[in-house]
Amino acid sequence: MLNLVIFGPPGAGKGTQADLIAQKLNLIHLSSGELLRQELANGELGQEIQKYQDAGELVPDSLVVRLIENAITKNLDRAGFIFDGYPRNLNQANSLDKFLAAQGLKLDLVLNLELDEQDAIDRIILRSQTSGRSDDNAQTIGKRFQTYQTQTLPILDYYQNHGVLTNIDGRPSIAEVNSQILKILAE
Ligand code: ADP
């Protein structure tokens, strides 16, 4: 199995690149944001999720961890996973390592897509014209970045210490970033 995390600020291109890598390597693309948006349809729980998403805050770990673990369990016969938007804080990172270890698995590589805040915001604003996402508005975007800085960025040290971190320039075109990632994975 090959298990990857794609990491980076909102708007860095995680979902786009994760799709391309998953196709190429036959991995399961697990996006926590997508899993949560699918849950939105489910009555009360959905309203709760949307409140957090629209505020640019993290949805409680208990819920996200359960969604991810269910999705992993369903796909253990596959070639591997690419996690997108997960983990998003240290508790999630620890819990993912533990859960994988319990299945005899581990994370092989964390791909950190680097993009500065202004470039990322420009991309999200552009995407907002077609995404239909209620959290792609200026106010929520600001809060999402704040959440990223305070809760998500600290994970990088954790992965650096585990020797699985690799940095990728997120500024070039989709195709260029993709070929950079495939080059790293081939090594
Ligand atoms: P982006 O990476 O562009 O911000 P996502 O679709 O990954 O978009 O996430 C959208 C929202 O979903 C987040 O702002 C947050 O509210 C929620 N979310 C996604 N992943 C997680 C997670 N791992 N833990 C908690 N909340 C999450």
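Biologist: Hello! What should I know before I start?

Modeller: This is a predicted model, in which local features need pLDDT of at least 70, side-chain atom pairs count only at pLDDT 80 or more, and totals for chains, interfaces and linings use all residues.

Biologist: Let us begin with one residue. Where is Ala-18 placed, and is Ala-18 buried or exposed?

Modeller: Helices (DSSP runs of H or I, at least four residues) and strands (runs of E, at least two) are numbered from the N terminus. Ala-18 lies in helix α1, residues 14–25. For accessibility, buried means under 20% relative accessible area, exposed means over 50%, and partly exposed is in between, using a 1.4 Å probe and protein chains only. Ala-18 is buried because its relative accessibility is 0%.

Biologist: Which residues does Ala-18 touch?

Modeller: Contact means heavy atoms within 4.5 Å. Not counting residues up to four places away in sequence, Ala-18 touches Ile-6, His-29, Ile-82 and Asp-84.

Biologist: And Gly-15, where is that one?

Modeller: Gly-15 is also in helix α1, but Gly-15 is partly exposed, since its relative accessible area is 26%. With residues up to four places away left out, Gly-15 touches His-29 and Asp-84. Sequence and space can be read side by side here: Gly-15 and Phe-83 are 68 residues apart in sequence, and their C-alpha atoms are 9.5 Å apart.

Biologist: How do I read two packed helices?

Modeller: Two packed helices are described by the angle between their axes and the distance between the axes. Axes are lines fitted to C-alpha atoms, for helices over the stretch in contact, and angles run from 0 to 180 degrees between N-to-C directions. Angles under 35 degrees count as roughly parallel, over 145 as roughly antiparallel, 65 to 115 as roughly perpendicular, and the rest as oblique.

Biologist: At what angle do α2 and α4 pack?

Modeller: Their angle is about 100 degrees, with the axes 10 Å apart, so α2 and α4 are roughly perpendicular to each other. The contact is made by Ser-32, Leu-35, Leu-36 and Glu-39 of α2 with Leu-63, Val-64, Leu-67, Ile-68 and Ala-71 of α4. To sort such residues, Ala, Val, Leu, Ile, Met, Phe, Trp, Tyr, Cys and Pro count as nonpolar, Asp, Glu, Lys and Arg as charged, and the others, Gly among them, as polar. The contact of α2 with α4 has 7 nonpolar, 1 polar and 1 charged.

Biologist: How far apart are the axes of α2 and α3?

Modeller: The axes of α2 and α3 (residues 43–55) are 8 Å apart, at an angle of about 135 degrees. That angle is why α2 is oblique to α3. Here Gly-33, Leu-36, Arg-37 and Glu-39 in α2 meet Leu-45, Gly-46, Ile-49 and Gln-53 in α3. These residues divide into 3 nonpolar, 3 polar and 2 charged.

Biologist: What is a nonpolar core?

Modeller: A nonpolar core is a set of buried Ala, Val, Leu, Ile, Met, Phe, Trp, Tyr and Cys residues joined through side-chain atoms within 4.5 Å. The largest one has 32 residues, of which Val-5, Ile-72, Phe-83, Leu-96 and Tyr-159 touch the most other members. At least two residues come from each of β1 (2–7), β2, α2 (32–39), α4, β3, α5 and α8 (155–161). The most come from α4, with 7 residues.

Biologist: What is Phe-83 in contact with?

Modeller: Leaving aside neighbours within four places in sequence, Phe-83 contacts Leu-4, Val-5, Ile-6, Leu-30, Ile-68, Ile-72, Leu-96 and Leu-107. There is also a second, separate core of 20 residues, and Ala-18, Ala-22, Ile-124 and Phe-145 are among them.

Definitions and conventions: Residues are numbered from 1 along each chain as its sequence is written. Side-chain values use heavy atoms; hydrogens and water are left out.
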